[in-house]
Every structure is written in structure tokens, then in C-alpha cells.
Amino acid sequence: QRNALYQRCQREGVGISVMKPFFAGKLLDAQASPFGLRLSTMQCIQFALDRPAVLTVVPGPSSSREMEELLRYLECTAEDRDYSILASEKLKATVMGNCVYCSHCQPCPAGIDIALVNKCYDLAKAGDLIARGHYDKLRLHASDCLHCLHCDDHCPFAVKQSDRMNEIASFFGF
């Protein structure tokens with residue numbers, strides 16, 4: 001679904017600015033990354049820029065040191081930017097059972113944006129205070145899950161979303 005939107009933007013000449021290319025820092029930490037490995041800032045930026053219609057990446061550095069690191073992108077090699085590790089079968093095995101927000105579970109019969117609900121949950125659990133506010137503002141929440149198992153059946157990473165919706169609803173209180 002997301003890829004279709006990127007493709008449409010490309011066809012219609014609509015540019016996309018990508019924010020948070022490091023997935024709130026998770027991609028830069030092997031322990032927190034949904035892929036079980038650390039990606040470099042260069043790999044994350046290149047991955048974002050390679051999506052259709054993406055014109056810019058807005059990483060949001062918070063220090064001059066971080067800005068200097070980001071500016072290295074302009075001079076780094078293609079090897080430094082290579083993120084092909086993400087396509088390996090070994091890597092797929094490391095993310096099995098973990099939501100990577102791919103939206104293959106859509107469309108949800110209840111209308112829940114399952115990937116976004118999961119993203120808010122994971123960010124909130126990691127301490128992102130803004131994520132709870134985003135979750136609160138969603139039209140539908142984890143508690144609206146019908147437990148029809150549609151998402152479980154369509155997840156390429158074998159995530160038991162129907163169980164996870166209970167966990168998320170309990171965490172947020174609805």
C-alpha cells in the first residue's frame with residue numbers, strides 16, 4: 001500500500017520528503033533494529049532516497065557533530081551507502097515474528113492502520129513521548145481489532161498481529 005502511494009506520487013510528479021530515516025534511531029542500533037543489525041547513517045539515507053518520488057531526507061541532527069556525520073553522505077562511496085544486506089534470507093529470519101511496518105497485512109477488515117498502530121506502540125515503548133499522542137489521535141485503535149486473523153494470515157514475517165493488538169490495547173488503555 002505504501003509502495004503504491006510512492007509510485008503514484010512518482011507518476012503525478014509529487015515529491016516526498018522523508019523524515020526520521022533512522023527509524024527514531026532504531027536502525028542505528030543492532031539491539032533495537034527490527035532487522036537485528038545496525039545500519040549506518042549512509043545506508044539509511046540511501047535507502048530512503050531510493051524510494052520512488054523521494055526528493056529529500058530530513059534526518060534532524062541535534063548537534064554539529066551529527067550534522068558533520070550527515071554531510072559525509074556527500075562524499076561517501078557507493079559501498080558505504082549499500083544496503084543490500086536487507087534483502088538477504090538470513091536477515092529475513094532475524095525479523096520473523098517482528099512487525100516491520102510493511103503493511104502487507106492491509107487492508108484490515110476493521111479499517112485499522114496496523115503498521116501505524118504498531119509503530120506508535122514500538123516508539124512509545126522505547127520512550128518516545130510524542131508517539132502516544134499520535135496513537136491517541138488515530139481514528140481506530142488496537143482495541144477496535146475484530147480478531148478475524150486477516151493480518152496474521154497475510155504477514156510475511158509471521159507476526160501474530162491479533163495477539164499483538166491485545167498487547168497494544170492494554171499498553172495504551174484502548
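How many nonpolar, polar and charged residues are in the lining of the second largest pocket? By class, that lining holds 7 nonpolar, 5 polar and 6 charged residues. Welcome to this structure, which is a predicted model. The points below start with that pocket, move on to the salt bridges and a surface patch, and end with some details of the backbone.

**The second largest pocket**

- This pocket has a volume of about 280 Å³.
- Helix 6 (114–125) and helix 9 (161–172) are the elements that each give two or more residues to its lining.
- In total, 18 residues line the pocket, and those nearest its centre are Pro34, Asn98, Cys99, Asp122 and Arg164.

**Salt bridges**

- Side chains of opposite charge can pair when their charged atoms come close.
- The structure has 3 salt bridges by the rule used here.
- Are the two partners buried or exposed? Both aspartate 122 and arginine 164 are buried.
- Another salt bridge links arginine 8 with glutamate 12, with 2.8 Å from N to O. Arginine 8 counts as partly exposed, because its relative accessibility is 45%.
- Arginine 72 and glutamate 69 also meet through their side chains, at 3.2 Å from N to O.
- In that pair, arginine 72 has a relative accessible area of 41% and is partly exposed, and glutamate 69 is partly exposed too, at 28%.

- Met67, Leu71 and Leu74 make a nonpolar surface patch of about 310 Å².
- Where is leucine 74 placed? You can find leucine 74 in the loop between helix 3 (64–71) and helix 4 (78–81).
- With a relative accessible area of 66%, leucine 74 is over the 50% cut-off, so this residue counts as exposed.

**A buried histidine in a loop**

- Histidine 141 sits in the loop between helix 7 (129–137) and helix 8 (150–154).
- Although in a loop, histidine 141 counts as buried, because its relative accessibility is 10%, and the cut-off for buried is under 20%.
- The C-alpha atoms of histidine 141 and isoleucine 114 are 8.8 Å apart, while the two residues are separated by 27 residues along the chain.

**Backbone details to look for**

- Most residues other than glycine have a negative phi, and most peptide bonds are trans.
- Which peptide bond is cis? The bond from glutamine 106 to proline 107 is cis, and its omega is near 0°.
- Proline 107 belongs to the loop between helix 5 (89–95) and helix 6.
- Phenylalanine 23 has a positive phi, near 55°, and is not a glycine.
- This phenylalanine 23 lies in the loop between strand 1 (16–19) and helix 2 (41–49), and is buried, with a relative accessible area of 12%.
- Leucine 149 is another residue other than glycine with a positive phi, here near 75°.
- The loop between helix 7 and helix 8 holds leucine 149, which counts as partly exposed at 39% relative accessibility.

How values were computed:
Residues are numbered from 1 along each chain as its sequence is written. This is a predicted model: local features need pLDDT of at least 70, side-chain atom pairs count only at pLDDT 80 or more; totals for chains, interfaces and linings use all residues. Side-chain values use heavy atoms; hydrogens and water are left out. On a 1 Å grid over the protein atoms alone, a cavity is a set of points where a 1.4 Å probe fits but cannot get out, and a pocket is an open set with protein on both sides within 12 Å along at least five of seven lines; lining residues have an atom within 4 Å of a point. Grid points are joined across faces, edges and corners, and a volume is the space filled by probe spheres set on the points. Helices (H or I, at least four residues) and strands (E, at least two) are DSSP runs, numbered from the N terminus. Ala, Val, Leu, Ile, Met, Phe, Trp, Tyr, Cys and Pro count as nonpolar, Asp, Glu, Lys and Arg as charged, and the others, Gly among them, as polar. A salt bridge is a side-chain nitrogen of Lys or Arg within 4 Å of a carboxyl oxygen of Asp or Glu. Buried means under 20% relative accessible area, exposed over 50%, partly exposed in between (1.4 Å probe, protein chains only). Patches are made of residues with over 30% relative accessible area and no salt bridge: like charges are joined within 9 Å, nonpolar side chains (Val, Leu, Ile, Met, Phe, Trp, Tyr) within 5 Å. Accessible areas come from the Shrake-Rupley method with a 1.4 Å probe; for residues, only the protein chains shown count as cover.
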